[in-house]
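Here is a short tour to read with the model open beside you. Take it one topic at a time, and look up each residue as you go.

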Amino acid sequence: MSNLGDDFSQFDISKEEKDKLVAEVVRYILFKTHQNSGCPIKREELSQLVTKNYRHRSLPAYIINEAKAKLSTIFGYELRELQRSRPSSTNHSRLSQQSGVDAKSYVVISQLPAEVYKKYVEDVNTSHLTGFTFVVISIVQLSGGKIAEDNLWHHLKRMGLHETDENHPVLGNVKQVLETLVQKRYLQKDKVSGPEGTTLFYELAERALDGTVSDRVKQYISQIVKKDDATVDIL
């Protein structure tokens, strides 16, 4: 990365101009991450910050890489590019929510150890959303990575979470919170046409398939299984 930082003469810009562009991209990433509660940021958005005043085709990639390095060394964040996962069905009738997500997008991930992040950084006011996310991902995971919408709501209703509930005492609009998981790329939607009509499926998306998240979900599931086994032993 240092080699990149030392060689920007090819773009015919000064060091001050380069530093200003990098700072602008870093600010934008931090602002958008906070504003949109961690939803992915399109690469196109970051590129436009650069191309609005500069026309060199390779400059956006260079500036984004420089911003990525600054986020890591100064703020302790990893700017991770999402590897777009495709629905397992071969049906090409996709929902607009899915097609609207840019193939190249980024999320900000803390590089702090999980214990340190939980103790000093994690916002207790959003812990219920984290819990809901892990519950939903676990349900989909246990269903083989893909579940019909009706079946998902069947499991959620057993926990007192109803599709029509817009004023849940903790989550508020439950359906809207579930949709947020799609926007954050933990889940993706897929419409599948069959003999009985069209069925909507929820499937694990890039962030749920990420090694760190996937390992935590598996650990969460194993803890539940152990508790259930212990209950059986007592009975």
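## The chain at a glance

The protein chain has 11 helices and 6 strands. Please keep in mind that this is a predicted model. Of the 235 residues in the chain, 38% count as buried. Taking contacts between residues at least 6 apart in sequence, 64% join residues at least 24 apart.

- Start with helix H7 (residues 127-142) and helix H9 (residues 174-183), which pack at an angle of about 75°, their axes 11 Å apart.
- Angles of 65 to 115 degrees count as roughly perpendicular, and H7 and H9 are therefore roughly perpendicular to each other.
- On the H7 side, the contact is made by Leu129, Phe132, Thr133 and Val136; on the H9 side, Val177, Leu178 and Leu181 take part.
- Sorted by class, this contact of H7 with H9 has 6 nonpolar residues, 1 polar residue and no charged residues.

**Aromatic rings**

- How many aromatic pairs does the count come to? The count comes to 1 aromatic pair.
- The partners are Phe11 and Tyr62, with ring centres 5.0 Å apart and planes at 50°. Planes under 30 degrees apart count as stacked and those over 60 as edge-to-face, so the pair of Phe11 and Tyr62 is tilted.
- This pair links distant parts of the chain, as Phe11 and Tyr62 are 51 residues apart. You will find Phe11 in the loop between helix H1 (2-6) and helix H2 (15-35), and Tyr62 in helix H4 (residues 59-75).
- Are the two residues buried or exposed? Phe11 is buried, with a relative accessible area of 8%, and Tyr62 is buried too, with 4%.
- Another ring to look at is that of Phe201: Lys146 lies over its face, at 4.8 Å from the ring centre.

**A buried lysine**

- Lys32 is found in helix H2.
- With a relative accessible area of 16%, Lys32 falls under the 20% cut-off and is therefore buried.
- Leaving aside neighbours within four places in sequence, Lys32 is in contact with Ile41 and Glu45.

**Positive phi values**

- Most residues other than glycine have a negative phi.
- Asp12 has a positive phi, near 60°, although Asp12 is a residue other than glycine. Its place is the loop between H1 and H2.
- Arg185 also has a positive phi in a residue other than glycine, near 70°. Look for Arg185 in the loop between H9 and strand S5 (187-194).

- Gly76 is found in the loop between H4 and strand S2 (77-81).
- At a relative accessible area of 21%, Gly76 is partly exposed. The cut-off for buried is under 20%, so Gly76 does not count as buried.
- Which residues does Gly76 contact, leaving aside its neighbours within four places in sequence? Gly76 is in contact with Leu71, Ile109, Ser110, Gln111 and Leu112.
- The C-alpha atoms of Gly76 and Val108 are separated by 9.9 Å, with the two residues 32 apart along the chain.

**Asp165 in its loop**

- Asp165 lies in the loop between helix H8 (149-157) and H9.
- Apart from neighbours within four places in sequence, Asp165 is in contact with Gly172, Asn173 and Val174.
- From Asp165 to Gln176 the distance is 9.8 Å, C-alpha to C-alpha, and the two are 11 residues apart in sequence.

**Leu209 in helix H10**

- Leu209 lies in helix H10 (residues 206-209).
- Leu209 has a relative accessibility of 47% and counts as partly exposed.
- Leu209 and Tyr186 are 23 residues apart in sequence, and their C-alpha atoms are 7.9 Å apart in space.

How values were computed
Residues numbered from 1 in each chain as written. Predicted model: local features only at pLDDT ≥ 70, side-chain atom pairs only at ≥ 80, totals over all residues. Heavy atoms only, no water. Axes fitted to C-alpha atoms, helices over the stretch in contact; angles between N-to-C directions. Helix = DSSP H or I, 4+ residues; strand = E, 2+ residues; numbered from the N terminus. Parallel < 35°, antiparallel > 145°, perpendicular 65-115°, else oblique. Contact = heavy atoms within 4.5 Å. Nonpolar A, V, L, I, M, F, W, Y, C, P; charged D, E, K, R; others polar. Phe/Tyr/Trp six-rings, centres within 6.5 Å; stacked < 30°, edge-to-face > 60°. Buried < 20%, exposed > 50% of the residue type's maximum accessible area, 1.4 Å probe, protein only. Lys NZ or Arg CZ within 6 Å of the ring centre and 35° of its normal.
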